[in-house]
Amino acid sequence: MSGEAYWLPIIFIFLMGLAVLIYAVLDGFDLGVGILMPMGRPESRDTMFASIGPFWDANETWLVLAVGVLLIAFPTAHSEILGTLYLPAFFLLFGLILRGVAFDFRAKAHADYQLRWDRCFKTGSLIASLSQGYMLGIYVTGFEGGALSIGFGVLSAICVTAAYAFIGACWLVRKTEGELQLWAAKRARFTAVLMIVGLISVSLVNPLISPEVFDKWFTLPQALLLLLIPFMCAVLFVVLFIYLRHFPYEGDFASWVPFACAIGIFFLSFQALAYSYFPYVIPGQLTIWQAASAPESLMFILVGALFVLPTILTYTFIVYRVFGGKAQALTYGD
């Protein structure tokens with residue numbers, strides 16, 4: 001295979017991977033803030049809502065883009081994935097809708113009812129995170145079914161939820177001050193430990209269930225180069241724990257460090273996952289070339305993507321630039 005039929009599927013799997021990675025980081029932290037939402041501290045909840053208010057719905061745009069690319073560029077894989085995962089996909093959408101309804105309704109609700117909507121927001125965040133993790137776990141097993149696949153899906157659901165809580169706590173360290181910031185720093189340390197356990201567990205299980213993944217990671221000489229990924233993850237965790245050990249610092253010194261470390265860990269973990277399963281769009285079953293649309297269709301779609309992607313990136317950059325300061329307690333008009 002050569003020419004457009006070869007490189008166009010590579011371009012679109014890169015675009016889809018980019019959208020998934022950005023979604024995991026951006027919507028990951030606002031899902032994490034929802035997961036961590038403390039029900040007994042109304043002042044903290046108001047500030048936590050304010051910290052994600054300008055961003056959370058725009059963050060989900062990247063999920064729409066990823067699913068759109070999958071549908072248009074790899075229609076065979078889209079049918080197989082969503083056909084098999086329709087039930088967890090339903091719970092994912094339910095969780096996202098519950099979050100959206102709760103977020104908007106608490107703004108209009110009387111103070112006596114806000115706690116109920118806050119609980120709905122937390123519940124929606126948990127459902128969405130667990131669903132995403134379960135779908136990822138079932139996906140990487142190639143939809144084999146059975147107890148092993150379901151067990152790995154449950155493990156992945158817990159790990160992804162812990163990862164989102166971790167990056168959400170790091171985001172709060174960056175965006176908040178005072179007592180809430182100290183509370184978030186403690187949660188960042190605790191959830192970082194959970195994420196380490198999750199990364200190690202998934203790293204051990206993945207090669208065991210897939211001979212191809214085992215060969216990729218444990219065959220010389222590339223195995224020596226791939227060791228850089230876990231090594232760099234370990235360095236970022238060490239930097240994170242050293243920084244949080246003496247937190248807080250005078251003048252809020254370098255409060256961006258935990259969130260930057262979390263982004264780096266997410267990026268490295270995603271690279272490891274992408275390397276493990278490329279060039280499959282469904283692990284062990286369907287490659288990107290087998291699942292891709294006709295080259296003529298992909299070329300037409302690529303022209304549109306060259307306009308859409310820079311627009312979303314520019315909008316995202318402007319929003320984070322404009323609302324880049326510390327979050328203040330959320331207040332509503334009379």
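I found M232 in helix α12; helices here are DSSP runs of H or I, at least four residues, numbered from the N terminus. The model is predicted, so I note that local features need pLDDT of at least 70 and side-chain atom pairs pLDDT 80 or more, while totals for chains, interfaces and linings use all residues. Residues are numbered from 1 along each chain as its sequence is written, and side-chain values use heavy atoms, without hydrogens or water.

I read M232 as partly exposed, at 41% relative accessible area (buried is under 20%, exposed over 50%, partly exposed in between, with a 1.4 Å probe and protein chains only).

I then counted aromatic pairs and got 23 in the whole structure (Phe, Tyr or six-membered Trp ring centres within 6.5 Å; planes under 30 degrees apart are stacked, over 60 edge-to-face, the rest tilted). I looked at F29 and F259, which pair edge-to-face at 5.8 Å centre to centre, with 80 degrees between the planes. F29 is in helix α1 and F259 in helix α13, so this pair ties together parts 230 residues apart in sequence. F29 is buried at 0% relative accessibility, and F259 is buried at 12%.

I also noted a tilted pair, F49 and F121, at 4.8 Å and 55 degrees. F49 lies in helix α2 and F121 in helix α7, so the pair links parts 72 residues apart in sequence. Both F49 and F121 are buried.

Methods. Helices (H or I, at least four residues) and strands (E, at least two) are DSSP runs, numbered from the N terminus.
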